[in-house]
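Subject: Structure for you to look at

Hello,

Here is the structure I said I would pass on. Please open it first, then read the notes below it.

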Amino acid sequence: MFYKHDNTMDKTPKKSYNKGAISKKLRIMLNRLLRLPKNKSFFLFGPRNTGKSTLIKRSFPKALLIDLLDIELEEKFARNPKELQYLVDALDDQVTHVIIDEVQKVPKLLDVVHLLIETRNKYFILTGSSARKIKGGASNLLAGRAFVYHLYPFCFLEFGKDFNLDKCLNFGSLPSIYHYQETEDCISFLKAYAHTYLKEEIWAEHFIKKLDPFRKFLEVAAQMNGKIINCHRISLDVGVDDKTIKQYFSILEDTLIGFFLDGFQHSVRKRLLSKPKFYFFDIGVKRSLSRQLSLPIQEGTYQYGEIFEHFIILECMKLSSYRQDDYRFSYY
């Protein structure tokens, strides 16, 4: 079996905002609102560091785990995706679930998974932090043979009585943030997270040809968070054409870093013509990309209102997804 090294569990946390920080962290991880099926194959999408691996391991402790962040494994399955079939056929009958972590690394595996779902008595759990490569694959999310779920940073209900609005508004709610008490540590983590996104999700996957314009775009897009998007104006700031800006926003969507909200209109035609707003998936990541982490948020200011609005929108999106409510959100 191939086990992914889980930094979220073996890293000794520093003091937290509240007493009993270690037990609180473990309890929170065990009480995510998302409920995963035990007798279905499914995708679990979510940005990096939202706790996908931890949740899957805790929910399916006896499953075979294939971690495609392991370079050797990624290369092995990329050379010969059918290796997965040989591996599954060699499993004991008691092993009923197979986890493939970061499946977008080798999208050709989906064709093999598709076959195995049809012909083997196994369930497949496929996690990913980017749907961009998978969307372009022939399997097309396994043609409905696997359910699709999303995991997000912590929501306020998962914190319970330990919820700290001030920390959420300043540093977001990615699980790893709650290892740290010191402001400097939170800032360092979020800066490293933004760098990891650029390196691993964008540059390493060859989604863009030039990195510098995309870096400028990220900062401008973060500053425009929650505002009506004007691609032409952003293109002037970044130094690329409108078409490239639209491509950049598409990359952010596909790598689960953010989402659009359309303007509210009763008419579908008018709604399609309205200009959308764009929101990043986490307040801390947005503040890191816009270089605002060192500026503490002051209650009663305009900035506080903007960030609190962002927080409320994110909470609505998370809860709707976890409850599987078929709501369509828009701004008014």
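Which residues lie nearest the centre of the largest pocket, and how many residues line it? Keep in mind that the model is predicted. The lining is made up of 26 residues, and those nearest the centre are H150, Y152, L256, F259 and M317. The volume of this pocket is about 800 Å³.

Several elements contribute to the lining. At least two residues each come from β5 (147-150), α13 (242-254), β6 (258-263) and α16 (302-323). The largest share belongs to α16, which gives 5 residues. Sorted by class, the lining holds 15 nonpolar residues, 5 polar ones and 6 charged ones.

Now the protein as a whole. The chain forms 16 helices and 8 strands. Of its 332 residues, 51% are buried. Taking contacts between residues at least 6 apart in sequence, 73% join residues at least 24 apart.

Next, the cysteines. A disulfide is a covalent bond between the sulfur atoms of two cysteines. How many disulfides does the count give? The count is 0. Is C155 buried or exposed? C155 has a relative accessible area of 0%, so it is buried. C316, by contrast, has a relative accessible area of 37% and is therefore partly exposed.

T255 sits in the loop that links α13 and β6. With a relative accessible area of 1%, T255 is buried. A polar atom of the T255 side chain is 2.7 Å from the backbone oxygen of I251. If neighbours within four places in sequence are set aside, the residues in contact with T255 are S129, S130, Y197, E201, I202 and F207.

E205 belongs to the loop between α10 (183-203) and α11 (211-223). Is E205 buried or exposed? Its relative accessibility is 11%, so E205 counts as buried, because the cut-off for buried is under 20%. How far apart in space are E205 and Q104, which are 101 residues apart in sequence? From C-alpha to C-alpha, E205 and Q104 are separated by 9.9 Å.

V240 is placed in the loop between α12 (231-238) and α13. V240 and F214 are 26 residues apart in sequence, and their C-alpha atoms are 9.5 Å apart. Apart from neighbours within four places in sequence, V240 has contacts with P213, S235, I245 and Y248.

L293 lies in the loop between α15 (283-289) and α16. L293 is buried, at 7% relative accessible area. In sequence L293 and C186 are 107 residues apart, while in space the distance from C-alpha to C-alpha is 9.0 Å. Which residues does L293 touch, not counting those up to four places away in sequence? They are N170, F171, I187, L190, K191, G284, R287 and S288.

Regards

How values were computed. Residues are numbered from 1 along each chain as its sequence is written. This is a predicted model: local features need pLDDT of at least 70, side-chain atom pairs count only at pLDDT 80 or more; totals for chains, interfaces and linings use all residues. Side-chain values use heavy atoms; hydrogens and water are left out. On a 1 Å grid over the protein atoms alone, a cavity is a set of points where a 1.4 Å probe fits but cannot get out, and a pocket is an open set with protein on both sides within 12 Å along at least five of seven lines; lining residues have an atom within 4 Å of a point. Grid points are joined across faces, edges and corners, and a volume is the space filled by probe spheres set on the points. Helices (H or I, at least four residues) and strands (E, at least two) are DSSP runs, numbered from the N terminus. Ala, Val, Leu, Ile, Met, Phe, Trp, Tyr, Cys and Pro count as nonpolar, Asp, Glu, Lys and Arg as charged, and the others, Gly among them, as polar. A disulfide is a pair of cysteine sulfur atoms within 2.5 Å. Buried means under 20% relative accessible area, exposed over 50%, partly exposed in between (1.4 Å probe, protein chains only). A polar contact is a pair of N or O atoms within 3.5 Å; within protein, one must be able to donate a hydrogen and the other to accept it, and residues adjacent in sequence count only if both atoms are side-chain atoms. Contact means heavy atoms within 4.5 Å.
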